[in-house]
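This briefing sets out selected features of the fold shown below. It covers helix packing, the sheet and individual residues.

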Amino acid sequence: MDTRRWTEVDGYFNGLLVAADPALEAALAASAAAGLPPHQVAPNQGKLLHLLARVRGARTVLEIGALGGYSTIWLARALPEGGRLISLEADARWAGTARANIERAGLADRVEIRTGPALESLPRLEAEGLTGVDLVFIDADKPNNPAYLEWALRLTRPGALIIADNVVRDGAVADPGSADPRVRGVRRFTELVAAHPRLTATALQTVGEKGYDGFLLALVTDE
Ligand code: DHB
Ligand code: MG
């Protein structure tokens, strides 16, 4: 079993289940042309995020880590009329690419890309009155995942979903002695999720065109 086989299987399912979409394909092309790292979610993963947002009936979505706006488009397309998505991006160039991709997808009326370190944008959003977020997608610098979890909990309401990308990283997450700050961030994040009285969660390993990685999903409960 290798990446080639995984990619063939992604191709099989995507060919049947994930419709070709000019705006998403243009976003990938523009991101590659701008030299962004190819770290966006795969098409079937983007559709998973989209479906989860729809199942949840999410009206307010917060994304931490926009990159070129690819997952942003998937999530924004799940919003009902009047819905809103705010996506945070530390890199001004990447944020510019994301804005252009969102505009091309016809979603600029419901998506805001905020430039700057997420840990600076998050307190500002709270001060501006952001509350009742229905879905948070955490996909930025992994060492800060524990802090992003705290912010996700402050800004969400019961019934919200918190989703984190890249929680497996080729299996490195299972190494308690890892010195990699990204792995340590994901492990600490997972331990905080596990210990939190208002969260119930699971994590899944994934393979595919993005290699071997995974998602963590947590539901915010009342108690
Ligand atoms: C990296 C970050 C991501 O969000 C991702 O999906 C893949 C890789 C990284 O920083 O290496
Ligand atoms: Mg990611």
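In this predicted model, helix 2 (residues 22-33) and helix 5 (residues 92-104) pack at an angle of about 160°. An angle over 145 degrees counts as roughly antiparallel, and helix 2 and helix 5 are therefore roughly antiparallel to each other. Their axes are 9 Å apart, and helix 2 passes helix 5 in a right-handed crossing.

**Contact of helix 2 with helix 5**

- On the side of helix 2, the residues that meet helix 5 are A26, A27, A30 and S31.
- On the side of helix 5, the partners are T97, N101 and R104.
- By class, the residues of this contact of helix 2 with helix 5 divide into three nonpolar, three polar and one charged.

**Helix 6 and helix 7**

- Helix 6 (residues 118-127) packs against helix 7 (residues 145-155) at an angle of about 15°, and the two axes lie 11 Å apart.
- That angle makes helix 6 roughly parallel to helix 7, since angles under 35 degrees are counted in that class.
- The crossing in which helix 6 passes helix 7 is left-handed.
- Helix 6 contributes A118, L119, L122, P123 and E126 to the contact, while helix 7 contributes A147, Y148, W151, R154 and L155.
- The contact of helix 6 with helix 7 holds eight nonpolar residues and two charged ones, with no polar residue.

- An open sheet is formed by seven strands, in the order 3-2-1-4-5-7-6, with mixed pairing.
- Strand 3 (111-115) and strand 6 (199-208) are the edge strands, each of which pairs on one side only.
- From one strand to the next, the twist averages 15°.
- Strand 4 (residues 133-138) pairs with strand 5 (residues 156-165) in the parallel sense, over five bridges.
- Within that pairing, F137 has I163 of strand 5 as its bridge partner.

**Helices packed on the sheet**

- Helix 3 (residues 43-56) packs on the sheet and touches strand 4, strand 5, strand 6 and strand 7 (211-220).
- The direction of helix 3 makes about 175° with that of strand 5.
- Helix 6 lies across strand 1 (60-64), strand 2 (84-89) and strand 3.
- Relative to strand 2, helix 6 runs at about 145°.

**Strand 7 and its two neighbours**

- Strand 5 and strand 7 pair in the antiparallel sense over five bridges.
- The bridge partner of L161 in strand 7 is L219.
- Strand 6 and strand 7 also run antiparallel, and ten bridges join them.
- A hairpin through two residues joins strand 6 to strand 7.
- Strand 7 is mostly covered, with eight of its ten residues buried.

**Surroundings of L217**

- L217 has its place in strand 7.
- The C-alpha atoms of L217 and L161 are 6.9 Å apart in space, although the two residues are 56 residues apart in sequence.
- Not counting residues up to four places away in sequence, L217 touches L52, L161, I162, I163, T200, A201 and T202.

**Loop residues with positive phi**

- Which loop holds L67? The residue lies in the loop between strand 1 and helix 4 (70-76).
- Phi of L67 is near 50°, which is a positive value in a residue other than glycine.
- L67 counts as buried because its relative accessibility is 13%, and the cut-off for buried is under 20%.
- R169 is found in the loop between strand 5 and helix 8 (181-195).
- R169 is not a glycine, yet its phi is positive, at about 50°.
- Is R169 buried or partly exposed? At 24% relative accessibility, R169 counts as partly exposed.

Technical notes. Residues numbered from 1 in each chain as written. Chains lettered and ligands numbered in written order. Predicted model: local features only at pLDDT ≥ 70, side-chain atom pairs only at ≥ 80, totals over all residues. Heavy atoms only, no water. Axes fitted to C-alpha atoms, helices over the stretch in contact; angles between N-to-C directions. Helix = DSSP H or I, 4+ residues; strand = E, 2+ residues; numbered from the N terminus. Parallel < 35°, antiparallel > 145°, perpendicular 65-115°, else oblique. Left-handed = near helix turned anticlockwise from the far one by under 90°. Contact = heavy atoms within 4.5 Å. Nonpolar A, V, L, I, M, F, W, Y, C, P; charged D, E, K, R; others polar. Pairing = 2+ DSSP bridges. Buried < 20%, exposed > 50% of the residue type's maximum accessible area, 1.4 Å probe, protein only.
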